[in-house]
Amino acid sequence: MIDLLGPLFTAFSLPFMARALVVLLALSLVAGIVGVLVNLRSLEFISDGLTHSIFPGIAIGFVWGGRDGLFLGAMIAAVLAAVVLTLITRRAVSGGAAIAIVFTAMFSIGILVVSRQTNYAGQLEQLLFGRLLTVTPTEVTQTLVICALALLLVGLTLKQQVYRAFDPTAVAAAGYRPLLLDLLLNVAIALVVVAASSAVGNLLVLAVLIVPGAVARLITARLWLLFPLAAGFAALCAWVGLALGFEASVTAGIDLPSGATVVLVLVAGYLLVLLVRVLADRMRRPADADDAEDAPAADPAPQAVRA
């Protein structure tokens with residue numbers, strides 16, 4: 001039987017586990033905050049497009065400079081992809097189709113670049129599925145810097161971004177620039193993808209970005225509580241996922257990829273919260289029906305809006 005409580009506190013005494021945890025905690029913070037905005041704006045498809053569009057930069061940087069060139073190539077591709085997709089969504093006649101065309105073409109370019117190398121399968125596996133337990137101290141520093149930059153972009157415009165999510169028309173009338181806000185948010189999303197790609201891989205990064213925000217929306221309707229809940233949920237799942245993968249490998253002899261394990265814990269957590277929410281809603285409906293039957297026939301006084 002796998003003992004999870006022990007590894008939760010002892011596994012991270014190992015340097016490679018500690019580095020992996022630091023990377024995931026940084027990603028949890030920024031992905032939780034950015035992911036809430038993605039959820040509020042329904043930008044999941046844009047995020048998927050950015051994930052695929054950045055892959056050529058990751059591949060070219062990796063092929064050109066190895067692990068040292070990965071972040072540089074990814075950063076260049078991230079800025080270009082964010083600008084292109086922002087303009088496409090605002091000007092294209094069919095934005096969804098245009099985004100699909102762009103990200104499939106870009107992802108194919110990345111595959112072609114990697115396929116020119118001798119160790120094609122091994123390099124492609126690292127780029128797609130990550131290498132969380134082998135991140136170097138330099139990569140930890142790079143990840144922290146990129147996460148801080150993404151947080152800065154979102155933090156400086158957080159109030160306007162929330163305003164934009166709920167009333168796109170009024171935000172322009174208030175003097176803000178929707179195009180600039182969209183561009184900054186898309187760049188922040190792209191930076192999260194860059195920061196997470198080397199850890200959990202290009203294919204799994206979308207779960208890190210999307211799931212925590214979706215969980216927070218299930219738990220609360222209070223706007224400013226969404227951000228800490230999303231970040232806290234992501235951090236908890238990262239901690240548990242790393243410990244679970246470590247214990248399964250060491251004790252049970254089951255080789256679980258760390259990035260995929262963390263993502264599965266995220267999804268399992270989402271399903272658990274969703275189940276609790278469905279059950280709570282079903283229990284609440286009969287009580288609400290009884291209250292409605294017992295209520296007086298006269299028109300009730302207007303209720304105050306919750307802050």
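**Exercise 1.** Determine whether Tyr176 is buried, partly exposed or exposed, and describe the aromatic pair to which Tyr176 belongs.

*Solution.* Step 1. The classes are buried under 20% relative accessible area, exposed over 50% and partly exposed in between, with a 1.4 Å probe and protein chains only. Tyr176 has 31% relative accessibility and therefore counts as partly exposed. The model is predicted: local features need pLDDT of at least 70, side-chain atom pairs count only at pLDDT 80 or more, and totals for chains, interfaces and linings use all residues. Residues are numbered from 1 along each chain as its sequence is written, and side-chain values use heavy atoms, with hydrogens and water left out.

Step 1. Rings of Phe, Tyr and Trp (its six-membered ring) pair if their centres lie within 6.5 Å; planes under 30 degrees apart are stacked, over 60 edge-to-face and the rest tilted. The structure holds two aromatic pairs. One of them joins Tyr163 and Tyr176, with 6.2 Å centre to centre and 85 degrees between the planes, and is edge-to-face.

Step 2. Tyr163 lies in helix H9 (residues 158–166), whereas Tyr176 lies in the loop between helix H10 (168–173) and helix H11 (178–200), 13 residues apart. Helices are DSSP runs (H or I, at least four residues), numbered from the N terminus. Tyr163 is partly exposed, with a relative accessible area of 32%.

**Exercise 2.** Which residues does Gln160 touch, not counting residues up to four places away in sequence?

*Solution.* Step 1. Gln160 is placed in helix H9 and is buried, with a relative accessible area of 19%.

Step 1. With contact taken as heavy atoms within 4.5 Å, Gln160 touches Val171, Tyr176 and Leu181 beyond those sequence neighbours.

**Exercise 3.** Identify the members of the largest nonpolar core that touch the most other members.

*Solution.* Step 1. A nonpolar core is a set of buried Ala, Val, Leu, Ile, Met, Phe, Trp, Tyr and Cys residues joined through side-chain atoms within 4.5 Å.

Step 1. The largest such core has 83 residues, of which Leu24, Leu27, Val34, Leu50, Ile54, Val200 and Leu242 touch the most other members. Helix H2 gives the most to this core, with 15 residues.

Step 2. Not counting residues up to four places away in sequence, Val34 touches Val154, Leu185, Ala188, Ile189, Val192 and Leu209.

**Exercise 4.** Describe the largest cavity and its lining.

*Solution.* Step 1. On a 1 Å grid over the protein atoms alone, a cavity is a set of points where a 1.4 Å probe fits but cannot get out; lining residues have an atom within 4 Å of a point. Points are joined across faces, edges and corners, and the volume is the space filled by probe spheres set on them.

Step 1. The whole structure has two cavities of 30 Å³ or more, and the largest has a volume of about 60 Å³. Its lining comprises Leu24, Leu27, Ser28, Val208, Pro212, Ala234, Ala238, Val262 and Leu266.

Step 2. Helices H2 (15–41), H12 (205–219), H13 (226–250) and H14 (258–294) each give two or more residues to this lining, and H2 gives the most, with three.

How values were computed: On a 1 Å grid over the protein atoms alone, a cavity is a set of points where a 1.4 Å probe fits but cannot get out, and a pocket is an open set with protein on both sides within 12 Å along at least five of seven lines; lining residues have an atom within 4 Å of a point.
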